Amino acid sequence: PVPTRLQDYTPPAWLVETVHLTFRLDPEATVVRSEIRFVPGAGGDLHLDGQALRLLSASINGEAIRPDLHECGLTVLEEQLPDGPFTWVAETRINPQANTALEGLYMSNGMYCTQCEAEGFRRITYFPDRPDVMAVYTVRIEGAEPVMLSNGNPAGSGEGWAEWHDPWPKPSYLFALVAGDLRSVEDSFTTRSGRDVDLRIWVRDGDQDRCAYAMDSLKRSMKWDEEVYGREYDLDLFQIVAVDDFNAGAMENKGLNIFNSKYVLASPETATDGDFEGIESVIAHEYFHNWTGNRITCRDWFQLSLKEGLTVFRDQQFSADMRSEPVKRIDDVLRLRAAQFREDAGPLAHPVRPAEYIEINNFYTATVYEKGAELIRMLREIVGAEGYAKALDLYFERHDGEAATIEDWLKVFEDATGHDLTQFKRWYEQAGTPRVHVAEQFEDGRFTLTFRQETPPTPGQPEKAPVPIPIRWGLLGAQGEVAAGTFVLDKAQDSLIVEVPERPVPSLLRGFSAPVILMHEGAPGDRAARLARDTDPFNRWEAGRSLALDTLVQGADPQDWLDGTIAVAMDETLDPTFRALALGLPSEDEIARQIAETGRSVDPDAVRADRIGLDRKLAEALGPRAAELRAAMATPGPYSPDGDAPGKRELANRMLGLMTRLDPTAPEAPFADATNMTDRLTALALLVREGRGEAALAEFHAQWQHLPGVVDKWFAVQAGQAAPDRAVEVVTALTEHPDFNWKTPNRFRALVGGFAGGNPAGFHRVDGAGYRFVADWLIRLDKLNPMTAARLSGVFETWRRYDDTRQDLMEAELERIASTDGLSRDTAEMIGRIRA
Ligand code: DPP
Ligand code: ZN
């Protein structure tokens with residue numbers, strides 16, 4: 001297949017003013033009639049995208065035509081077209097029931113739903129399926145379903161039909177249709193200009209009582225976007241539908257968001273604190289897209305980060321405002337390092353704005369999303385909060401209703417603030433995580449910090465140029481902070497000189513002000529000093545993390561880490577969530593990435609053993625204080641997912657984890673007594689980890705087998721916690737379980753993903769059985785659902801980190817996948833890049 005290239009962009013030959021769609025629903029033979037008003041664009045042939053469609057009829061201005069059909073759509077030559085605007089009418093037939101790819105119109109649990117981003121609309125009807133073609137849609141749905149929904153405002157309904165009209169021009173990827181036996185939970189919101197908006201969340205009967213948190217999050221998001229970004233909602237109705245079969249987390253279709261039910265349904269008994277937090281942030285994310293994505297969309301898919309990076313940044317700001325800002329920052333950095341630094345360090349590294357792709361679905365990545373958000377955070381750091389607000393106002397004013405580019409985005413910052421962002425643009429074009437080396441010198445009352453940046457080569461980009469790196473810094477003296485500021489390192493090497501009477505302890509890259517790897521040895525004792533008293537909470541946490549990694553990567557003496565971490569744990573003036581985070585150990589995958597950074601090959605068994613060893617040392621050093629702290633963190637009374645209760649639970653549960661290192665029966669009573677899913681699942685995971693989970697697993701399953709989201713947890717906990725030497729056998733047996741509905745992405749990810757991602761030592765078992773298991777299932781799923789299968793292939797992206805034996809075994813599995821007959825374009829591209 002030929003890649004699509006950014007440099008080959010050409011504007012659309014024909015634009016669309018209006019679209020009238022009529023759906024005659026049938027599970028196996030839905031007929032879609034489209035009436036499209038085309039107006040001249042750049043001029044040329046009419047090319048309409050189409051995939052897996054049966055064309056029943058087509059006409060232009062009422063005259064039947066026979067267009068030239070090909071594999072990816074149809075073409076009508078320019079000479080066969082009228083000179084000016086014309087009306088195209090076509091009927092296509094599609095089979096939603098047979099649509100296992102879950103792109104386009106498909107069935108989930110007997111209900112119709114759609115997923116059109118990025119290129120799913122072409123599986124519904126022939127259309128210029130590209131985001132720079134924006135049109136006004138009117139939709140009529142005919143069928144027997146009790147509820148039939150589409151974008152925009154309701155425009156009439158009767159027995160067997162419903163009509164919808166969306167007044168805002170939109171690209172086809174934001175189209176949505178839902179039909180089925182659904183129940184709604186309703187509320188309303190009054191915008192600051194006085195518009196009343198009806199809010200509806202649609203779920204299956206029985207799930208109505210698990211929507212309250214999603215609804216509350218929605219109202220808070222709507223208010224926040226008005227207050228912080230000055231953005232109001234623009235329709236009479238905002239709807240959310242929860243579906244069980246969904247490839248991604250959620251989708252921002254105009255006025256009709258479709259969500260993976262995982263990000264809607266929650267109650268204290270069925271959802272963890274982390275689930276509640278995820279719901280809050282995904283609801284906000286999709287809602288915020290209404291302005292950053294929908295009102296202003298992307299010119300082409302290379303600009304994906306224009307909407308995703310910005311919307312992730314906005315949802316991060318929202319969550320920080322709703323919760324604790326420093327804690328949110330630490331969580332975000334943990335996620336960035338786990339997924340994006342990992343991606344950037346391997347064969348799948350690509351720029352935030354890629355230059356080419358074969359299958360765009362493969363670029364909904366941590367780089368486009370999370371690194372994209374980091375770039376916006378840096379822009380804000382560089383131009384200041386006021387400059388950022390001005391630039392955003394200008395962005396909304398200048399580009400509302402348009403399909404924009406990264407150039408447009410940077411230009412509003414230049415015009416609004418006067419900054420020259422020519423060099424900053426490199427951040428969008430260069431892949432790889434910059435390393436910043438630091439040397440310090442103190443002499444005659446002058447403290448000199450010399451920074452040097454370099455970015456390692458990534459696929460297709462052997463040479464890198466310097467990028468502007470905002471480094472927030474502070475200097476700690478004996479009595480506290482003596483100086484602070486932001487230094488922008490925009491050269492390969494540069495120095496910062498500060499006059500101070502005594503050698504200070506430097507605290508650099510505060511708040512993680514840039515997505516870089518800071519190589520900062522510092523003087524002995526400096527990290528311990530920062531862990532004890534840095535005034536920047538992020539760097540306080542980071543100092544502990546760095547000390548832990550010294551032990552886990554270099555085998556350093558852990559005493560400084562133990563002392564400092566325990567002091568933080570016992571400090572009652574600190575937020576419990578922060579204390580829990582300080583007590584956390586880097587994941588096995590994070591340790592492996594750090595070992596690989598040093599040039600050594602990774603032994604996954606040793607990584608695991610060392611990590612357990614350090615955890616045990618912490619447990620021993622805490623001694624009886626663990627149980628005391630756990631008791632002090634009790635949260636009696638009704639469960640709340642907000643306020644300080646989640647942090648207390650997290651700290652209490654971390655203590656339980658440590659206590660279990662010394663007494664494997666410790667989780668038994670907490671499992672039996674738990675009154676919420678957070679505590680229950682923690683105790684269950686610990687029991688399974690200790691090989692004592694059998695009865696608890698059976699009880700848990702019996703209690704929750706009717707709720708798919710909880711059954712997913714039941715699978716994931718076993719996949720992740722099974723002893724590595726028999727994890728393959730455990731997960732293989734689980735694939736035979738009657739509840740293993742592998743065609744449902746959530747279930748597949750819970751078991752196969754939960755094993756490959758959640759049980760590194762099991763996955764990397766030295767006989768290769770883990771690799772074989774994952775490859776077998778990847779091949780099997782690829783035939784049905786290429787998008788989700790291709791996503792799973794990322795578990796192999798780190799294959800070059802390991803010893804020759806494991807590399808050979810992984811290479812053999814990659815080779816086997818690559819040579820599978822009929823492999824999807826999605827998976828073929830991923831495997832090809834991983835092996836390159
Ligand atoms: N555009 C979606 C989102 O990120 C992707 N499914 O919200
Ligand atoms: Zn998004």
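Colleague: By class, what residues make up the shell around ligand 1?
Modeller: Bear in mind that this is a predicted model. The shell around ligand 1 has four nonpolar, one polar and four charged residues.
Colleague: Which residues are around ligand 1?
Modeller: They are Glu117, Ala248, Ala250, Met251, Glu252, His285, Glu286, Glu308 and Tyr364.
Colleague: And which elements give two or more residues to that shell?
Modeller: Strand E20 (250–251) and helix H2 (273–288) do.
Colleague: Switching to helix H1. What should the span of H1 be, and how far apart are its end C-alpha atoms?
Modeller: H1 covers residues 212–229, which is 18 residues. At 1.5 Å a residue, H1 should span 26 Å. Its end C-alpha atoms are 25 Å apart, so the two values agree.
Colleague: Which residues of H1 are buried?
Modeller: Tyr213, Ala214, Ser217, Leu218, Ser221, Met222, Trp224 and Asp225.
Colleague: What covers them?
Modeller: The cover includes strands E17 (183–190), E18 (196–203) and E19 (237–243). It also includes H2 and helix H3 (304–322).
Colleague: What comes just after H1?
Modeller: Glycine 230, with a positive phi of about 65°.
Colleague: Now the domains. How is the protein chain divided?
Modeller: Into domain 1 (4–259), domain 2 (297–429), domain 3 (435–523) and domain 4 (705–836).
Colleague: How far apart are the C-alpha centres of domain 1 and domain 4?
Modeller: They lie 33 Å apart. Eight residues of domain 1 are in contact with nine of domain 4. The domain 1 side of that contact has three nonpolar, two polar and three charged residues.
Colleague: What does UniProt list for residues 527–834?
Modeller: An unreviewed UniProt entry gives "domain: Peptidase M1 alanyl aminopeptidase C-terminal" for that range. In the model, residues 527–834 are 70% helix and 0% strand. The end C-alpha atoms of that stretch are 37 Å apart.
Colleague: Last one, serine 793. Where does it lie?
Modeller: In the loop between helix H24 (786–792) and helix H25 (804–818).
Colleague: Is serine 793 buried or exposed?
Modeller: Buried, because serine 793 has 25 C-beta neighbours inside 10 Å, and 20 or more is the cut-off.
Colleague: Leaving aside neighbours within four places in sequence, which residues is serine 793 in contact with?
Modeller: Leu778, Thr827, Met830, Ile831 and Ile834. As for valine 774, 19 residues away along the chain, its C-alpha atom is separated from that of serine 793 by 8.8 Å.

Notes. Residues are numbered from 1 along each chain as its sequence is written. Chains are lettered from A and ligands numbered from 1 in the order in which they are written. This is a predicted model: local features need pLDDT of at least 70, side-chain atom pairs count only at pLDDT 80 or more; totals for chains, interfaces and linings use all residues. A residue is near a molecule or strand if its C-beta atom, placed from the backbone, lies within 6 Å of it. Helices (H or I, at least four residues) and strands (E, at least two) are DSSP runs, numbered from the N terminus. Ala, Val, Leu, Ile, Met, Phe, Trp, Tyr, Cys and Pro count as nonpolar, Asp, Glu, Lys and Arg as charged, and the others, Gly among them, as polar. UniProt positions are given in the numbering used here, feature names are shortened, and annotations may be inferred rather than shown by experiment. Domain bounds come from an automatic or database domain assignment. Two residues are in contact if their C-beta atoms, placed from the backbone, lie within 7 Å. A residue is buried if 20 or more other C-beta atoms lie within 10 Å of its own, exposed if 12 or fewer, and partly exposed in between; C-beta atoms are placed from the backbone. The expected span of a helix is 1.5 Å times one less than its number of residues.
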